[in-house]
Amino acid sequence: MSGKDRLPIFPSRGAQMLMKARLAGAQKGHGLLKKKADALQMRFRMILGKIIETKTVMGDVMKEAAFSLAEAKFTSGDINQVVLQNVTKAQIKIRTKKDNVAGVTLPVFESYQDGGDTYELAGLARGGQQLAKLKKNYQSAVKLLVELASLQTSFVTLDEVIKITNRRVNAIEHVIIPRIDRTLAYIISELDELEREEFYRLKKIQDKKREARAKADAKKAELLQQGIDVREQANILDEGDDDVLF
Amino acid sequence: MSNQSFEEGKLMAVIGDEDTCVGFLLGGIGEINEQRQSNFMVVEKDTTAAQIDECFKRFVARDDIAIIMINQIYADMIRTTIDKHLLPVPTVLEIPSKQHAYDSSKDSILKRAQGILKPTGRRR
């Protein structure tokens, strides 16, 4: 695996610079993403704590609301059918707002009153007080549930985003950075190889030159022994001329 | 569907026994739109799981509903459908009913929370 999985790039100085820049970019991105993941995680845990808390509160509130329903039934008889038949328009509606955590938009629900009470006249004959209490209880239950719903939505959204961010962090840490590292190592080894080749070539040329000179010297010495002095003979290629202009 | 409710004011939907529905309707969340579709479902003794399932899916498909509240006993009946519902909106809330206390270990969201907390605890 090592040395195999790398970017297809020609090993050159330019490519090396490019890779170095990419490595720096990847490391920076990794750091930033990690920070983002941490921020999200923090928020996530906070929300989780709140959800569990709210769920327990919800249990109590619902119990109380159910109890007040029983009370209302006791005083005003069976009102179930009347209520179920007379539904028209919702009085409590939900508005969505956006909250922003580290670049992630979380929907936040908010309940608001829209229009009048449909059941204004319910319980007019008897049990009006109980009914009013019942309505109030259920309205507070609705408020609590809306709050819980926004927590839960944030929870689901954050969960998704955290998964994605962690996946990216891991991908950069375990795939992208090692790949760039390997590419860099490959480029460096290739460049070293080239350098060694170059060095060897130079050495070889020097050797050849030395050999040639030794040969020439030997020839000169031989000629000298034969009585021909070639030492002072000017080479035609050597421009031994001083400035002869003046 | 009136235009106004379509654009900003979203609704809450209830699936539950008669008492739960009546309570929330008195709280003022009930609405019947022009197609005579209500945003609540009263589950009777002889309502089958398939009917609840179908109703739940209908509520999920409606885009004017932001929150679906469902009694936990009925949520249990269609647990697979709820577990499959992963989108943030509409949000599914499991609420206790009069006869049955709330059991947080069964809640889909809290189950997911448990599943998430463990691997994150293991991380690093």
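Of the 124 residues of chain B, 42% count as buried. The structure discussed here is a predicted model, and the prediction carries scores of ipTM 0.75 and pTM 0.71.

**Chain B: elements and confidence**

Chain B contains 6 helices and 4 strands. Along the sequence, these elements follow the pattern α-β-α-β-α-β-α-α-β-α. Among contacts in chain B between residues at least 6 apart in sequence, 70% join residues at least 24 apart.

The average pLDDT of chain B is 75, and 77% of the residues score at least 70. Among the elements of this chain, helix H3 (residues 49-61) of chain B has the highest mean pLDDT, 86, whereas helix H1 (residues 3-7) of chain B has the lowest, 42. Over residues 1-6 of chain B the pLDDT is below 50, and this stretch has 8 contacts in the model beyond near neighbours in sequence.

**The contact between the chains**

In the model, 38 residues of chain B are in contact with 44 residues of chain A. Several elements of chain B each supply at least two residues of the side that touches chain A, and they are listed below.

| Element of chain B | Residues |
|---|---|
| Strand E1 | 11-16 |
| Strand E3 | 65-71 |
| Strand E4 | 91-95 |
| Helix H6 | 108-122 |

Helix H2 of chain B belongs to this group as well. H2(B) gives the most to the side of chain B that touches chain A, with 9 residues. By class, the residues of that side divide into 23 nonpolar, 9 polar and 6 charged.

**Helix H2 of chain B against helix H3 of chain A**

How do the two helices cross? The axes of helix H3 (residues 128-225) of chain A and helix H2 (residues 18-27) of chain B come within 7 Å and cross at roughly 90 degrees. Angles of 65 to 115 degrees count as roughly perpendicular, and H3(A) and H2(B) are therefore roughly perpendicular to each other.

On the side of H3(A), the residues that meet H2(B) are Leu134(A), Lys135(A), Tyr138(A), Gln139(A), Ala141(A) and Val142(A). Their counterparts in H2(B) are Gly23(B), Phe24(B), Leu26(B) and Gly27(B). The contact of H3(A) with H2(B) has 6 nonpolar, 3 polar and 1 charged residues.

H2(B) is mostly covered, as 8 of its 10 residues are buried. The buried residues of H2(B) include Thr20(B), Cys21(B), Val22(B) and Leu25(B). Gly23(B), Phe24(B), Leu26(B) and Gly27(B) are also buried. After H2(B) comes Gly28(B), whose phi is positive, near 100 degrees.

**The largest nonpolar core**

In soluble globular proteins, nonpolar side chains tend to be buried together. The largest nonpolar core of this model has 68 residues. Which of them touch the most other members? They are Met12(B), Ile15(B), Ile67(B), Ile68(B) and Met69(B). The largest share of this core, 15 residues, comes from H3(A).

Ile68(B) illustrates such contacts. Not counting residues up to four places away in sequence, Ile68(B) touches Ala13(B), Ile15(B), Phe59(B), Pro90(B), Val92(B) and Leu93(B).

Technical notes. Residues numbered from 1 in each chain as written. Chains lettered and ligands numbered in written order. Predicted model: local features only at pLDDT ≥ 70, side-chain atom pairs only at ≥ 80, totals over all residues. Axes fitted to C-alpha atoms, helices over the stretch in contact; angles between N-to-C directions. Parallel < 35°, antiparallel > 145°, perpendicular 65-115°, else oblique. Contact = placed C-beta atoms within 7 Å. Nonpolar A, V, L, I, M, F, W, Y, C, P; charged D, E, K, R; others polar. Buried ≥ 20, exposed ≤ 12 C-beta atoms within 10 Å, placed from the backbone. pLDDT = per-residue confidence, 0-100. Core = buried A, V, L, I, M, F, W, Y, C linked by C-beta atoms within 7 Å.
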